[in-house]
Amino acid sequence: MFFGRAFVRDAAGLSTAEAVGAASSALQTILVARWLGPYAAGVVALILAYPSVVFAVFEPQSSQAGIRYLGEFRTRGEDSRSLAMVRLGYLVDSSLGGLAFLFVVATAAFAQANVVGASGTASLLIVYSASSALHTSVATSRSVMLTAGRFRALAWERAVTTVAGNALSVAFVALGWRVAGAIWGVAIGIAVEAVVLFVLTQRTTRDWGGAWWRTRGEVLGERRGEIIRFIAYSDAEGLVTLVTRRLDVVLLGFLRGPVDAGYYRIARALSALPGHLAWPLESTVYQRLAAIGASEGETAVLAKGRRYALYAGVPLGLGLLATIPLIPFAIRITVGDAYAPAIPATQVLMAGSAVSLAAFWMRPLMLTLGYQRFWVANSAVFVVASVIGFVWLTDRFGFIGMAWVYSVMVAAQYVVGLGYLAHRSRTPA
């Protein structure tokens, strides 16, 4: 076998959970889109998008630091440092999440008038941002669960809470609550996920020798500054990539209105389904690369990364590309002919998703090898190009132009990253 049985088992468990969650999310999107129509579905998309952009600006990337440093500390049996790392992660999560929530509250009226374009939606923006603030703790909780190897519990949690949230959203819309019902269902779902994961994390850290909240930050010693710098670089990456991940819907609503946003939401929802497979693969790979890096060094990390790229990334990317001709049939049979204009954009975005899926291993490899400065700079360059492209092409071609910009820039970013890795692997240390 190209990969160990443990990797296949753990990745398969998380992938199955993501597949279940993705199926429920797709069904929720389809039903809500059918029942609400393009305009109201666009309003839902914009209500969800605005707080998401704000939280992306403040979003703590503590999970990346958590997986890397917890993997190192656990490998070396440093329980006190492991607990201190958990404490630091939750502190960062809660602080930045609270700031993001206050910002949404302060700007909700502005967003209602200038982004969503529908009256009576300011309160829904606040509701969703409140649950998002609670959800920021998931970053540290997941890093603990992954480091501890609790893949099965994480998979069950992910599947159950995602399905429950989507079911609530559909039920509330079916009861006649329309836009408000869709938002409340999603908000309750992500809040429940945060609480469940937090409880599971507390049970996991008991085996590490104590309570994380009683641990002093000084235990990290000289590593504390290094960890904070790592988190800062990860946050910078999250900030510069928010354009290609979340700001596109907000910008589309501002430039073209809710109808275009409704079409684009369907295109993004369908093309984002492969991302539910990429996340468990990336998480599982990162956890293993971090452990290999702590015990065996850079050469072993690079060798393992190549195996992931050749024997998992390439076949997955090619397989996804083969599904593009089926998209017209999929859209017409799911959301109906009313969303037929979204077909070309969905096909373009799916091509970009194929590239991202094929390169699921790249970001974990970059972070493990300490190349986060390059990764942030690389992301920043293409974000600037994306902003220019979004404004220029969206104003002329609407959501189809935005789809082209999104996919081309995502593909270009990974190509440049691949070139950088190839160059560094040939350069003597």
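**Notes on the predicted model**

1. Start with Ala153. Setting aside neighbours within four places in sequence, Ala153 is in contact with Met145 and Leu200. The model is a predicted one. Ala153 itself lies in helix α6.

2. Next, the aromatic rings. A pair of aromatic rings is described by the distance of the centres and the angle of the planes. The structure holds eleven aromatic pairs. One of them joins Tyr90 and Trp212. Their rings sit 4.8 Å centre to centre, with 40° between the planes, and the pair is classed as tilted. Tyr90 belongs to helix α3, whereas Trp212 is in the loop between α6 (151-205) and α7 (223-240). This pair links distant parts of the chain, as its members are 122 residues apart.

3. Rolling a probe the size of a water molecule over the atoms shows where empty space is left. How many cavities of 30 Å³ or more does the structure hold? There are two. The second largest cavity contains about 40 Å³ of space. Its lining consists of Ala84, Arg87, Leu88, Leu91, Gly217, Leu220 and Arg224. Helix α3 (residues 79-116) supplies the largest share of that lining, with four residues. By class, the lining of the second largest cavity has four nonpolar, one polar and two charged residues.

4. Last, a helix pair. Helix α11 (residues 298-321) packs with helix α14 (residues 362-369) at an angle of about 175°. Their axes are 11 Å apart. Are the two helices roughly parallel or antiparallel? Angles over 145 degrees count as roughly antiparallel, and α11 and α14 are therefore roughly antiparallel to each other. On the α11 side, the residues that meet α14 are Glu298, Val301, Leu302 and Gly305. On the α14 side, they are Leu365, Thr368 and Leu369. By class, this contact has four nonpolar, two polar and one charged residues.

Key
Residues numbered from 1 in each chain as written. Predicted model: local features only at pLDDT ≥ 70, side-chain atom pairs only at ≥ 80, totals over all residues. Heavy atoms only, no water. Axes fitted to C-alpha atoms, helices over the stretch in contact; angles between N-to-C directions. Parallel < 35°, antiparallel > 145°, perpendicular 65-115°, else oblique. Contact = heavy atoms within 4.5 Å. Nonpolar A, V, L, I, M, F, W, Y, C, P; charged D, E, K, R; others polar. 1 Å grid on protein atoms, 1.4 Å probe; cavity = no way out; pocket = protein on both sides within 12 Å on 5 of 7 lines; lining within 4 Å. Points joined across faces, edges and corners; volume = space filled by probe spheres on them. Phe/Tyr/Trp six-rings, centres within 6.5 Å; stacked < 30°, edge-to-face > 60°.
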